[in-house]
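Student: Could we go through this structure together, one question at a time?
Tutor: Gladly, let's bring it up first.

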Amino acid sequence: MPALTEPKLISGNANLKLAEAVARRMSIHRGSAVKLVDARVERFNDAEVFVEVHENVRGEDMFIIQSTSRPANDNLMELLIISDTLRRSSAGRITAVIPYFGYARQDRRTKARTPISAKLVANMITQAGIERVLTMDLHATQIQGFFDIPVDNLYASPVFALDVRHHFKDCLDDVMVISPDVGGVARARELAKRIEAPLAIVDKRREKAGEVAEMNVIGDVTGKRCIIVDDICDTAGTLCKAADVLMDSGAAEVHAYITHGVMSGPAVERVTASKLKSLVLTDSIAATPEVSAAPNIRIVPLAPIFAQAILNIWGGTSVSSLFEHETLQPLYETLYS
């Protein structure tokens, strides 16, 4: 049964462009104008976050669109303070739409005397008054269990499958999906299944965190158009090394599909100079000017899937239906016609 109130969007400063795109898509889906709530999210001189909402939100179904990307702490505090503002303004329900969930890589204790920061952040989000979370491609799916509120974890693989089928339609038989490590096999297998392609694995061994000592390809990639699939690209060092190993193993060309383009430090420079023919990122994290200008980096929009997911949550219908090709294809028809 649809809610009686209207879905209302509010955004922090992390990815305002995506928030505005989601509002436009919701306007198209609903046939009526949807705009971001008039608010200001600013800093005092000492960098404290200040939020003021200029519209009545009493009893409304509120959706905060805010990735906790770089600067992670600032954007996280914006999310929490926006939620507190809405709660104290008597909003009916508050949903956090977090396209990129920062701190997700700290989902377990890797050694003695280290934190589980993902759980701490989950606690903070819940205590701020947020009643539901909508996110995409959590680094570890068990993070959903860190929350005591519902979590809808969307996947980029259905969108990537549409993109691959569109851009490789004349050579789909030559495509092979690559997992950059053993831990990412499930993610790579999901895409491989959707495009009916074989799967291979790059086995990497680390001597210490952030440094790969050795890489080996498990599977025959000779003559294949290899597509590396992963959830996060940070400094791009491992990704570019994987591309080198695949080309040395006989691959015809190497592409990469990454959900969250953190792209810190020398990442863009490495990708531009690498053997990667293309790197496809989503806009879960706002692209820097360097990323936008890179000749072999392309951005896939998430606004269509997030807009429909928000409408499904508001209307009380299935979010998991967006994992199906039949549901997703019409949302991206203009892009992949």
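Predicted model: local features only at pLDDT ≥ 70, side-chain atom pairs only at ≥ 80, totals over all residues.

Student: Which residues is Asp203 in contact with, leaving aside neighbours within four places in sequence?
Tutor: Here contact means heavy atoms within 4.5 Å. With those sequence neighbours left aside, the contacts of Asp203 are Val182, Glu214, Met215, Asn216 and Ile218.

Student: In which sense do strand 2 and strand 3 pair, and over how many bridges?
Tutor: Strand 2 covers residues 39–43 and strand 3 covers residues 49–53. They form a hairpin with five residues between them, and Ala47 in the turn has a positive phi of about 80°. The pairing is antiparallel, over five bridges.

Student: Which residues lie nearest the centre of the second largest pocket?
Tutor: This pocket holds about 390 Å³ of space. Helix 2 (72–88) and strand 13 (276–282) each supply at least two residues of its lining. Of the 27 lining residues, those nearest the centre are Ser69, Arg70, Tyr100, Val262 and Ile285.

Student: And how many nonpolar, polar and charged residues does the lining of the second largest pocket have?
Tutor: The lining is made up of 27 residues. Sorted by class, the count is 16 nonpolar, nine polar and two charged.

Definitions and conventions. Residues numbered from 1 in each chain as written. Heavy atoms only, no water. 1 Å grid on protein atoms, 1.4 Å probe; cavity = no way out; pocket = protein on both sides within 12 Å on 5 of 7 lines; lining within 4 Å. Points joined across faces, edges and corners; volume = space filled by probe spheres on them. Helix = DSSP H or I, 4+ residues; strand = E, 2+ residues; numbered from the N terminus. Nonpolar A, V, L, I, M, F, W, Y, C, P; charged D, E, K, R; others polar. Pairing = 2+ DSSP bridges.
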